[in-house]
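Hi,

Please look it over, then read my notes below.

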Amino acid sequence: MKNNNSYVQIVYISHLNYKKMKEVDKVKIPKKWMMKNPWKFPEIVKNPIPIFKNILDENDGLVQISLLYRYAFMTDRPELIRHFLQKNHKNYIKTKIVREKLKEKIGNGLLTSDGDYWLKQRRAIQPGFHRKRLEAISKIMIQEINYYLDNYMERFAETGEVFDMSKEMTHLAYRIVSKSLFSGSISEDELSLIDQTITETQKLVINEIRQPFVKPWLWLKGDLKKNKELRDASDKTIFEAIEERRKSNEKHDDLLDMLLETRYEDGSGMTDQQLRDEALILYVAGHETSANALTWAWYLLATHPEVEQKLLHHAQDVLGGDSPSFEKIRELGYTLQVVEETMRMYPPAWITDREPLEDDEFEGIEIKKGQDIIAFIYGVHHNKKYWENPEVFDPERFSPENKKKQVPFSYMPFGGGPRLCIGNNFALMEMQFVLTEMIRRYKIEIIKDQKIELNPLITLRPRYGLKCRVKRRV
Ligand code: HEM
């Protein structure tokens with residue numbers, strides 16, 4: 001689970017001209033703004049993306065929004081985003097909602113920690129995502145993709161029934177990440193328990209962020225207690241798996257093995273609590289994002305038959321009649337282009353944000369300590385200054401030659417700087433595998449005349465899902 005969308009849910013927006021930025025702190029948000037523009041509020045709550053995009057286009061890529069009680073900057077300017085995510089990243093930490101709310105519910109792992117502790121963990125865990133590890137994990141992935149296709153997609157092909165691709169891709173991505181983490185150490189029932197815990201906890205966090213006033217009600221209804229019980233039960237499962245692994249000599253070559261083998265500079269390893277926190281964070285961060293990107297990819301392929309045909313022929317040429325593999329991944333260049341272009345159009349993590357620790361300055365813009373700054377990733381990816389015809393789906397933008405021309409930070413589905421997504425290569429490999437294996441085996445059709453709308457929750461998903469049918473190819 002990345003970045004929060006509290007802004008989206010509770011903001012009212014104050015238009016400020018970029019040129020007035022230096023006066024920003026003296027400007028009081030007019031209290032009557034909401035009264036003047038009440039019709040905007042439901043629109044913002046439903047889908048803030050078009051509104052954010054318009055006001056950024058009108059204001060040279062930088063505006064200030066009000067978060068009821070505090071200001072935040074929002075920008076789609078790559079050089080400014082690069083400044084706070086990379087060049088002066090030491091001055092920026094995760095925002096309060098991530099540091100407090102998310103940490104309280106899912107633990108102190110890579111996504112939610114900051115400062116020295118984060119750096120120590122990142123240094124220790126990073127090697128776990130290197131090539132050799134991914135090679136081992138690729139086998140688990142392929143196995144899981146084929147298991148899923150044989151047991152679920154096959155049934156849809158058999159019966160011809162309509163299904164929701166968004167739900168299916170979520171199921172598949174959840175299976176891939178859980179098996180990559182725990183391989184055979186956790187039973188199907190226990191995996192479902194962890195999945196249910198995470199889904200319920202995410203809902204609770206979103207609820208608390210959107211409507212902070214409902215917390216007492218959630219407490220009275222017993223929802224908070226129920227969620228705590230669920231989290232305790234799933235923790236118990238994870239702790240047992242860790243204990244079992246510590247005792248056994250068997251090698252699993254999965255992410256849990258990788259976390260267990262992680263060593264700090266002094267040679268010590270992680271405690272059980274640290275292992276649990278990092279495992280859960282990988283789980284949370286690593287499934288909804290890929291699932292959404294895959295769903296959007298199927299939507300784009302079905303609506304662009306020429307790209308779909310090209311991808312199919314590419315998969316057939318590279319793989320012959322085989323499933324994809326780690327060894328073949330470098331040859332699946334066009335699949336990668338499709339994945340990259342999909343995430344440009346529909347970045348699963350559509351915003352990310354930071355809080356400055358000290359006052360900062362960038363090209364005349366004063367960024368005050370404590371004043372959050374939001375990178376509007378969706379806006380960057382759809383900005384005409386950096387992308388020709390940004391609303392057109394064109395995987396050629398990501399051909400090796402064209403990629404070289406891209407402006408730094410004009411494409412950032414995995415964030416940027418030292419906190420770049422640690423699972424980026426994992427996710428790219430997973431998405432390439434799923435697309436090639438599925439397109440090789442099935443023809444996906446989307447049901448005509450269905451409503452497709454953006455639903456920017458924690459990640460960017462289609463609001464009403466994506467209704468599809470499949471036919472077997474082979
Ligand atoms: C399409 C798939 C994915 C997308 C679009 C994505 C996107 C992102 C983004 C934008 C960030 C940076 C957030 C920030 O700067 O505030 C991030 C961080 C992170 N992601 Fe991913 N992610 C994906 C898949 C994964 C997977 C598969 C895993 C793990 C297996 C993962 C684990 C993480 C972790 C642990 C962090 C925190 C890294 C740190 O702060 O050191 N992600 N991701």
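A search of the whole structure turns up zero disulfides (pairs of cysteine sulfur atoms within 2.5 Å).

Before the rest, some ground rules. This is a predicted model: local features need pLDDT of at least 70, side-chain atom pairs count only at pLDDT 80 or more, and totals for chains, interfaces and linings use all residues. Residues are numbered from 1 along each chain as its sequence is written, and side-chain values use heavy atoms, with hydrogens and water left out.

Iron site. Cys421 (SG) is the only protein donor of the ligand's iron atom, at 2.3 Å. Donors are N, O and S atoms within 2.8 Å of the metal (3.2 Å for Na, K and Ca); water is not among the atoms, so sites may look incomplete. Cys421 sits in the loop between α19 (400-404) and α20 (424-441). Helices are DSSP runs of H or I, at least four residues, numbered from the N terminus. Cys421 is partly exposed, at 24% relative accessible area, while Cys468 is buried, at 0%. Buried means under 20%, exposed over 50%, partly exposed in between (1.4 Å probe, protein chains only).

Ligand shell. The ligand has 27 residues around it, each with a heavy atom within 4 Å. Trp118, Arg122, Thr352, Arg354 and Cys421 come nearest. An N or O atom in the Thr352 side chain is 2.6 Å from a ligand oxygen. For the Trp118 side chain, the corresponding distance is 2.7 Å. Domain 1 (6-106 + 350-404) and domain 2 (124-343 + 413-472) both contribute shell residues, so the ligand lies between them. Those bounds come from an automatic or database domain assignment.

Best wishes

Note on methods. Helix = DSSP H or I, 4+ residues; strand = E, 2+ residues; numbered from the N terminus. Polar contact = N/O pair within 3.5 Å; in protein donor to acceptor, adjacent residues only side chain to side chain.
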